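Here is a short report for a reader new to this structure. Have the sequence at hand while reading.

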Amino acid sequence: MLMLAAMLRLEAGAPLEALPYAQRLVVADPGGAENHFWLGFVHHRRGDLVGAESAYRNAIQLRANYAEAWNDLGNVLADAGRPAEAIHAFRRAIGCNGGFAKAYNNLGAVLASQGYFAQAARAYRSEEHTSEL
């Protein structure tokens, strides 16, 4: 119910109102990786990159193969101007789920932004062959 309340507030364009619900998720079940993931998602939507990074790292600490958390951590790191760390996070996401099209796309975007066009093209081509399509 708390996650639904947080998501409804995000969808309504009220990320500040979503934060207390996401925080309560973590308090209610601090061992739930998904709860930390959603807290990271809310922080990111609010523009709080430090809070988002911390929450995503907590989710990954609880579940090392959490592809979505690695991917979203990569997005936060890219937004924070830390492309090398973002590339590492996207590659970890792909390592957890080789069919994760969003991670390939995000990896390609960051690689291209850094001038690694051949590697970016390979990431984009890999995205085309994933099971998410």
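The report covers the salt bridges and one surface patch.

This is a predicted model, in which local features need pLDDT of at least 70 and side-chain atom pairs count only at pLDDT 80 or more, while totals for chains, interfaces and linings use all residues. Residues are numbered from 1 along each chain as its sequence is written, and side-chain values use heavy atoms, with hydrogens and water left out.

**Salt bridges**

How many salt bridges does a search of the whole structure find? The search finds five. A salt bridge here is a side-chain nitrogen of Lys or Arg within 4 Å of a carboxyl oxygen of Asp or Glu. A network of such bridges links Glu-53, Arg-57, Arg-82 and Glu-85.

| Pair | N to O distance |
|---|---|
| Arg-57 and Glu-53 | 2.9 Å |
| Glu-53 and Arg-82 | 2.9 Å |
| Glu-85 and Arg-57 | 4.0 Å |

Glu-53 bridges to Arg-82. Glu-53 lies in helix α4, and Arg-82 sits in the loop between α5 (67-79) and α6 (83-96), so this pair ties together parts 29 residues apart in sequence. Helices are DSSP runs (H or I, at least four residues), numbered from the N terminus.

Glu-85 bridges to Arg-57. Glu-85 belongs to helix α6 and Arg-57 to helix α4, so their contact ties together parts 28 residues apart in sequence.

Arg-57 and Glu-53 share helix α4 (residues 49-62). They are four residues apart there, which means a separation of about one helical turn.

**Exposure in the network**

Which of these side chains are covered? Buried means under 20% relative accessible area, exposed over 50%, and partly exposed in between (1.4 Å probe, protein chains only). Glu-53 counts as buried because its relative accessibility is 16%. Arg-57 is partly exposed at 35%. Glu-85 is also partly exposed, at 35%. Arg-82 is partly exposed at 27%.

**A nonpolar patch**

Met-1, Leu-4 and Leu-8 form a nonpolar patch on the surface. Together they have about 380 Å² of accessible area. Areas come from the Shrake-Rupley method with a 1.4 Å probe; for residues, only the protein chains shown count as cover. Patches take residues with over 30% relative accessible area and no salt bridge, joining like charges within 9 Å and nonpolar side chains (Val, Leu, Ile, Met, Phe, Trp, Tyr) within 5 Å. Leu-4 is found in helix α1 (residues 2-11). Leu-4 counts as partly exposed, at 48% relative accessibility.

Notes: Helices (H or I, at least four residues) and strands (E, at least two) are DSSP runs, numbered from the N terminus.
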